[in-house]
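Me: I am new to this structure and would like to go through it step by step. Could you take my questions as they come?
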Amino acid sequence: MNRITVIALNTFRETLRDKILYNLVFFGLLLISSAILLSTLTIGEQAKIIQDIGLASINVFGVIIAIFVGIGLVSKEIEKRTIFTIIAKPVPRYVFLLGKYSGLALTLLVNVGIMAAGFFLTVLVSKAGVDLALVKAVGLIFMELLVITAVAVMFSTFTTPTLSATFTLAIYVIGHLTDDLRTLGAKLGESLTKVILDVLYYSLPNLDYFNVKGQAVHGLPIEPSYLVSAATYGIAYTTILLILACLIFQRRDFK
Amino acid sequence: MSLAARMSALGATGLLLVVGLHLLQVRIDAQRAVTPKLQRFMYLPQGEYLRGAVLGYEQVVADLLWIQAIQAMGERKVTEEAGHWIYRALDVITTLDPKFVRVYEAGGIALVTLVVLAEESNRILEKGMKYNPDVWTLPYLLGFNYYFELHDDAKAADYIARASRLPGAPEYLARLATRLYVSAREPQVAIDFLARMYEQTSDENIKHVLEQRLKEVVVERDLQLLDEAISRYRKLHKRVPERLEDLVGPGLLRALPREPFGGHYLYDPQTQAVRSSEMKERLQVYGKRRAQ
């Protein structure tokens, strides 16, 4: 356990050295400028639009970091040959992988935390009042990021960074469209295609579960029971992906 | 050529290209300006498809489209064709974000004031009511459309009554509905209706539009008043009045009405027609029905 923490903290420091936090500057600029520009462009509803932009930016920035840092976590170590110094020590490969994952998760947590704080501040300044629903929405966005990071790490254990990025991006897109897979299957009736579509639906992550941005902004109720089930789904899916990643990584041959 | 000379030649070429690029951009912008900005909405995909394509960012995309749509609505003159594009954009926006109440409200009003597309306005408002059954302004505006544009007082009263039962509805709505149920189309009812609506709106753009309409209705009420006075004058004096001022007197008018746009009322003794100096034609609402 302790070894995972050490690797995690090291990964966290490494991402900070990679100037990952610069995205916060862009996030801040985006929020401030949109807040100023909107007051001249729209008639009313500025509060809603600022909240929409804030939540969407937290989501987009998070996804970009999760994918593009996630795919490099393992491959960079292999490329720089630094992985040998760790593998040579009595550190099982799964500990290394979990440590790397936790480190990026920590980076994301800090990042999303700072963005959320800035976002809530902007909402407060725009006199809309921070609703608990917004906190819930940010929480589920973080859950989505954990799943995407796991996908990225899983792919990076067996393929090149470019391909991992492509695959993870594809999973992100498909993850938001899986509902359509099921609708399509339901329309086909009993057939092999329906079975295939159903298998796909249940095996791909349904990332739309983590999307309550609309409800949060419109002040619609988000049931705590829903939050619990969505979060449980996210944790379970992440765990499965990480187990898969560990199994693959264990068999990987380093050249 | 020395390296330094080559580098400065390269720099100069780069600079030339930058200037050329800028000029080209200005030219392309001018070319594109030929087709109105609004036409962009024509290429919007159906809301249902766009909903899938935006990967959970429906709200932000709806906001961006909404900002574009308002700019289009703010253009000086909105043609009927442009009205159809605006309707399409509003339909897509509300499919992306069905709880975006402001879009239904402003769109519903704009589609009968900037252009006259009562059917489209009704469709937007009905869609809004479907997804936001608790918002009183939507049935209220529908009632407005039925009263002013479609001249269906009974339906108008139905919708106003429906609005009056929803949370947050001002208490006068019930009375207004009652009046509508019994009243024929009288300008004074319309003026009351618009004045209340004006008070209820916080949006400056919409307020401005309502104010215009209110004045038009006042003009129409005054013209009806003058018409009546002219016919009474003819009965009393067995001749036509020569000037509008002749209408002030016992049994006729106490004073001439003031033109709300700041102009004055014109009278033609030949035809005994009165009109406002500020309005080209009389408000059609009370004459024949608007073509649908």
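Me: In what order do the elements of chain A run from the N terminus on?
Reply: This is a predicted model. From the N terminus on, chain A runs α-α-α-α-α-α-α-α-α-α-α-α. That gives 12 helices and zero strands.

Me: What box do its C-alpha atoms fill?
Reply: Along the principal axes, the C-alpha atoms of chain A fill a box of roughly 60 × 55 × 30 Å.

Me: What share of chain A counts as buried?
Reply: Of its 255 residues, 39% count as buried. As for contacts in chain A between residues at least 6 apart in sequence, 83% join residues at least 24 apart.

Me: Let us pick one helix, H8 of chain A. What should it span?
Reply: Helix H8(A) covers residues 161–175, and its 15 residues should span 21 Å at 1.5 Å a residue. The C-alpha atoms at its ends are 20 Å apart, which agrees.

Me: Which residues of H8(A) are buried?
Reply: The buried residues are A:Ser164, A:Thr168, A:Ile171, A:Tyr172 and A:Gly175. They lie on the same side of H8(A), because they cover an arc of only 100° around the axis.

Me: Why would residues three or four places apart point the same way?
Reply: An α-helix has 3.6 residues a turn, so residues at that spacing point the same way.

Me: What about the other side of H8(A), which residues are exposed there?
Reply: A:Thr162, A:Ala170 and A:Val173 are exposed on that other side.

Me: And what covers the buried residues?
Reply: The cover includes helix H3 (46–70), helix H7 (132–156) and helix H9 (178–188) of chain A.

Me: Changing topic: how many residues are in contact between chains A and B?
Reply: In chain B, 16 residues are in contact with 19 residues of chain A. Helix H3 (58–73) and helix H5 (101–113) of chain B each supply at least two residues of that side of chain B. The largest share, six residues, comes from H3(B).

Me: Last one: how is chain B divided into domains?
Reply: Chain B has domain 1 (38–212) and domain 2 (233–286). Their C-alpha centres lie 35 Å apart.

Key. Residues numbered from 1 in each chain as written. Chains lettered and ligands numbered in written order. Predicted model: local features only at pLDDT ≥ 70, side-chain atom pairs only at ≥ 80, totals over all residues. Contact = placed C-beta atoms within 7 Å. Helix = DSSP H or I, 4+ residues; strand = E, 2+ residues; numbered from the N terminus. Domains from an automatic or database assignment. Buried ≥ 20, exposed ≤ 12 C-beta atoms within 10 Å, placed from the backbone. Expected span 1.5 Å × (residues − 1). Arc of directions from axis to C-beta.
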